[in-house]
Amino acid sequence: MINRIFIKDFLSFDEVDLEFDKGLVVFTGPSGAGKSILMESILSLFAIKEAKAKLAEVVLNSSVKDEDFDINKDDEIVIKEIKKDKTRYLLNNQTISKKRLHSFSSLLIKHLSLKDKSDFESSKLIDSLDLLSSKNNKKFVTLKNSFQEEYKKLYSLKKELNKLIEDENKVEELKEFAKFEIEKIEAIDPKVEEYEELIDIKRKLSKKDKIEDAIKSVAPIFDNSHFVSSALELLEVDSSFFDDAINELNNHFEKFNDTLYELEEMDVEDVLTRIEKLSSLQKRFGSIKEALEYKEQKKLELDKYENITFEKSKLEKDIKTLEVKVEELASSISIERKKSVVTLEKRINHYLKFLYLSNAKILIEKKALDSTGFDEVIFELNGVDLDTISSGEFNRLRLALLTSISEFQIVENGVLFLDEIDANLSGKESSAIATVLSELSKSYQIFAISHQPQLTSTANQHFLVDKKDGKSSVKLLNKNQRIDEISRMISGENITDEALQFARNLLK
């Protein structure tokens, strides 16, 4: 239950600070005063609508438990919304993402908008039936998860088979291309790190003559090294450091001479040609390693093309086996949905009695298998399709459906928001809706925008939304103020005595 809301700087509202009681809370007021804007601002605190207020806060009693935020049932919680460059949400002063807040709110809050006409679509009805089934049968969630997992496998295998059939039609062309790619790489026969080694050889070849000349120019050092050793001995200095240096220098030169011998055996043109070929592979594939991996991939593809008939036969067999399993799971799901249809249909018809309607029927027919199973849900009223019923009948039927679904979508003591639930209805239809909502408000706190005196008169709290000089305001009405507002709703701005009397009678 929502106890209080505070909203600051929200479009035409400077500031709103309201406290609420249990039961039915109704907002009325002239057109354009800001009723829908106010409703949206409250819904934005639950991540149902987009945030537009600079600052908003709601205080409510939780009807669910949430271990992540250490919330127990009946705990008072505070949700804050702060909008600057971006919107931040806080739950009990802990930052919470919009997605996580929406998930948390979905167990507490249900928004029913008659502008949304999609609730009778088969996919949405299936979602509702599945939710009801999961509450009636704890094994249903596992059953549905198993079906979805196996269906994904089946879908994947069928996709693979279709590709294989396409490949089969052009297999010769694909085989030739794979062979060409393999042969092209094998003709070069590259080795990992070969390119780097050849570049090093090329670098050494380019400096070969300069190094030879340099070594020749320093040859006298070795011829006269004994003079240095003799001089060190006369100075009584240990000549080992000099001997070690001469030996190390000699080793480096001899190592180069060995390399020089190897380089002289090489054909420079062959090295350059090899580098060019390897370079072309690197440009195309990124590296020699990737070129070799591509070659192996093409070999696997070639093997697959050679064995395409066998692969196709195996896939078809696997698909047939999986289809049987998926259809069995879909049949089990369908059985549970049909049980839930009985429950949902019973609840809808219970509310339709108060709405002067009857004989709603939910039919489940078989369709081609898809990710939801093979159930197609069709809704009828008095044996006719919903396209043929009046708008008034449609809205009342939809209210009965949404009310019934809300009973298991949100927990007891949750909150319902009804947007323009009685717009464009006759007095009789409005009275019927008021009766249903009065009954429902015993279990849920209900926020509604009303255009009719019948629903307004049944409210536990009645708020007037008004607008003057471009600024909107909200206030809680006392009994006499309610009589005036309901009279205005009946007769317009020029309130008649008959309207006043009728308003007094409604409030009795």
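**Exercises on a helical model**

Glu 345 is buried, with a relative accessible area of 14% (buried means under 20%, exposed over 50%, partly exposed in between, using a 1.4 Å probe and protein chains only). This is a predicted model, where local features need pLDDT of at least 70, side-chain atom pairs count only at pLDDT 80 or more, and totals for chains, interfaces and linings use all residues. Residues are numbered from 1 along each chain as its sequence is written, and side-chain values use heavy atoms, with hydrogens and water left out.

**Exercise 1.** Work through α16 from its start to just past its end.

*Solution.* 
- At the start, a side-chain oxygen of Asn 478 comes to within 3.2 Å of the backbone nitrogen of Asn 480.
- The helix itself covers residues 479-491.
- Its buried residues are Arg 482, Ile 483, Glu 485, Ile 486, Ser 487, Arg 488 and Met 489.
- Those buried residues pack against β3 (24-28), α15 (453-457), β14 (461-468) and α17 (497-507).
- Just after α16, Gly 492 has a positive phi of about 95°.

**Exercise 2.** Find which residues of α3 and α13 meet.

*Solution.* 
- From α3, take Leu 125, Ser 128, Leu 131, Leu 132 and Lys 135.
- From α13, take Leu 401, Ile 405, Phe 408 and Gln 409.

Conventions: Contact means heavy atoms within 4.5 Å. Helices (H or I, at least four residues) and strands (E, at least two) are DSSP runs, numbered from the N terminus. The expected span of a helix is 1.5 Å times one less than its number of residues. A polar contact is a pair of N or O atoms within 3.5 Å; within protein, one must be able to donate a hydrogen and the other to accept it, and residues adjacent in sequence count only if both atoms are side-chain atoms.
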